[in-house]
Amino acid sequence: MSKVIVSALYKSDVFTMACRQFDQAADAINLPEDLRDRTKYPRRCLAVALPIKRDDGSITVFEGYRVQHNLSTGPSKGGIRFHEHVTIGEVAALAMWMSWKCSLVGLPYGGAKGGVICNPRQMSQGELERLSRRYMQEMINFVGPQIDVPAPDMGTNEQIMGWMMDTYSNHVGHVEPAVVTGKPISLGGSEGRREATGAGVAYLVKAYLEDMKIPVKNATVAIQGFGNVGSETAAALANYGAKIIAISDYTGAIYNERGIDIRKALEYVKYAKVLKDFDGGQAISNEQLLELKVTVLIPAALERVITNDNAPKLQCRLLAEAANGPTTNSADKILEQRGDIEIIPDVLCNSGGVIVSYFEWLQNLQHYYWTRDEVLQKLFTMLDRAKASVDAQKAKFGFSRRLAALTLGIARVADAKRIRGLFP
Ligand code: NAD
């Protein structure tokens, strides 16, 4: 009788995966039936056509989405992804994870996500600007500092956030930096935002290694993805003294058992845009990278890369999920049965990004700006608190760390919905 009528709108492997995680967590905390569907399914979404003039004079119509999963606990928050394989189901799953993440770390936000089906690597700056501005133009009545606050995700960056902020500001007639986060500093971006997600991942990796009695200086690390999150994680872990022995991007992976010079890799990528032909080690495949014998494995690119096939072959001691949804439900089961790999689940592991986005939004609303040290110190305090609450939940109920994190996040959202009533 209480069942929701589910359309096929979000149907996809990744949305099914997020729903399964929800069901498991809801069962674990005996979430009342009448709260389940309205906590689980996205609140609303918008799909838009984005006609863009190309540099050669032709017109291409791109498709874009924004899914707002939960608006019960504050404005919704979440990145915008530019990628050729974006689907509305993927965006919905990512929006759902944003809800649990914001709730877990105690931010006054619901979850959202956006996406545009495009390949930003094959577009000029001018084309990207027109696409970003058009996307924001179509979203003007759907987003806003008190409604939904976008940020960067895969394929988007500070410049794109700057164009979106400018488009929104021109529309409302005054500068409105709080409409997006992850902006350039000169437009009201926060000190420390660019490195926040990676700095948070590295901080948590170090903390969990300490719990495992492994000095970070003795740790070897493999990282899949060398974009914003992967490269900043690599730089921060190298600073802590860890040895980064493999890195990768969509062109392939580089392996060097003596350790990769991350500064050199960053310089190379700045110029070459990709890691391909970087001479800091030998070329291997992304699949090989995931199965290397390392202390820490960090997927920092796409979802669903740890699967049934490779989960039995992983040789790491700690799996730090910097990407969203990198481990499939069945791979998760295999890892749990193995019992020899500690996991920092995505909703905790990469939460540094949204935490500092929250700081940026606060600074924008108050027109009062903090130093980088203040930002990072506040970030680490919030991560310590989130880690402690997850580990306490894990110990109290005997849950896996993922289940502990998800149950905390989901319970708070469900409670807000219970108290507020049916409308939010
Ligand atoms: P990005 O676009 O800056 O970088 C993505 C990287 O992944 C690039 O190096 C790209 O080459 C690589 N990549 C793409 N396809 C790949 C493949 N098939 N194999 C190996 N590498 C591949 O994106 P990002 O912002 O670093 O985001 C990475 C992940 O982190 C995503 O899952 C994202 O949702 C998550 N995340 C990002 C943030 C943030 O603040 N940017 C915050 C939280 C979570």
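The sulfur of Cys102 lies 16 Å from the closest cysteine sulfur, that of Cys349, and this is too far for a bond. The model examined here is a predicted one. A disulfide is a covalent bond between the sulfur atoms of two cysteines. To be counted, the two sulfur atoms must be within 2.5 Å. Cys349 is in no disulfide either. The nearest cysteine sulfur to that of Cys349 belongs to Cys316, 12 Å away. The count for the model comes to 0 disulfides. Cys102 has a relative accessibility of 0% and therefore counts as buried. Cys349 is also buried, with a relative accessible area of 0%.

Aromatic rings give another picture. The count comes to 11 aromatic pairs. One of them joins Tyr203 and Phe380. Tyr203 lies in helix H6, residues 193-211. Phe380 lies in helix H13, residues 372-397. The pair therefore ties together parts that are 177 residues apart in sequence. Both Tyr203 and Phe380 are buried.

A further pair is made by Phe397 and Phe399. Their ring centres are 5.3 Å apart and their planes meet at 20°, so this pair is stacked as well. Phe397 has 44% relative accessibility and so counts as partly exposed. Phe399 has 13% and so counts as buried. The cut-off for buried is under 20%. Elsewhere, ring pairs link five residues into a cluster: Tyr109, Tyr358, Phe359, Trp361 and Trp370.

The packing of helices was examined next. Helix H1 spans residues 13-28, and helix H14 spans residues 401-420. Their axes come within 9 Å and cross at roughly 80°. Angles of 65 to 115 degrees count as roughly perpendicular. H1 and H14 are therefore roughly perpendicular to each other. On the H1 side, the contact is made by Gln21, Phe22, Gln24, Ala25 and Ala28. On the H14 side, Arg402, Leu403, Leu406, Thr407 and Ile410 take part. By type, the residues of this contact divide into 6 nonpolar, 3 polar and 1 charged.

Thr39 touches residues of this contact. Its place is in helix H2, residues 33-40. Thr39 has a relative accessible area of 0% and is therefore buried. Leaving aside residues up to four places away in sequence, Thr39 touches Phe22, His69, Trp100, Ile410, Val413, Ala414 and Lys417. Among these, Phe22 belongs to the H1 side of the helix contact and Ile410 to the H14 side.

At 2% relative accessibility, Tyr135 counts as buried. Residues up to four places away in sequence are again left out of the contacts. On that basis, Tyr135 touches Leu50, Gly64, Tyr65, Arg66 and Ile80, and also Gly114, Gly115, Val116 and Met164. Thr295 is 160 residues from Tyr135 along the chain. The C-alpha atoms of Tyr135 and Thr295 are separated by 42 Å.

Note on methods: Residues are numbered from 1 along each chain as its sequence is written. This is a predicted model: local features need pLDDT of at least 70, side-chain atom pairs count only at pLDDT 80 or more; totals for chains, interfaces and linings use all residues. Side-chain values use heavy atoms; hydrogens and water are left out. Axes are lines fitted to C-alpha atoms, for helices over the stretch in contact, and angles run from 0 to 180 degrees between N-to-C directions. Helices (H or I, at least four residues) and strands (E, at least two) are DSSP runs, numbered from the N terminus. Angles under 35 degrees count as roughly parallel, over 145 as roughly antiparallel, 65 to 115 as roughly perpendicular and the rest as oblique. Contact means heavy atoms within 4.5 Å. Ala, Val, Leu, Ile, Met, Phe, Trp, Tyr, Cys and Pro count as nonpolar, Asp, Glu, Lys and Arg as charged, and the others, Gly among them, as polar. Buried means under 20% relative accessible area, exposed over 50%, partly exposed in between (1.4 Å probe, protein chains only). Rings of Phe, Tyr and Trp (its six-membered ring) pair if their centres lie within 6.5 Å; planes under 30 degrees apart count as stacked, over 60 as edge-to-face and the rest as tilted.
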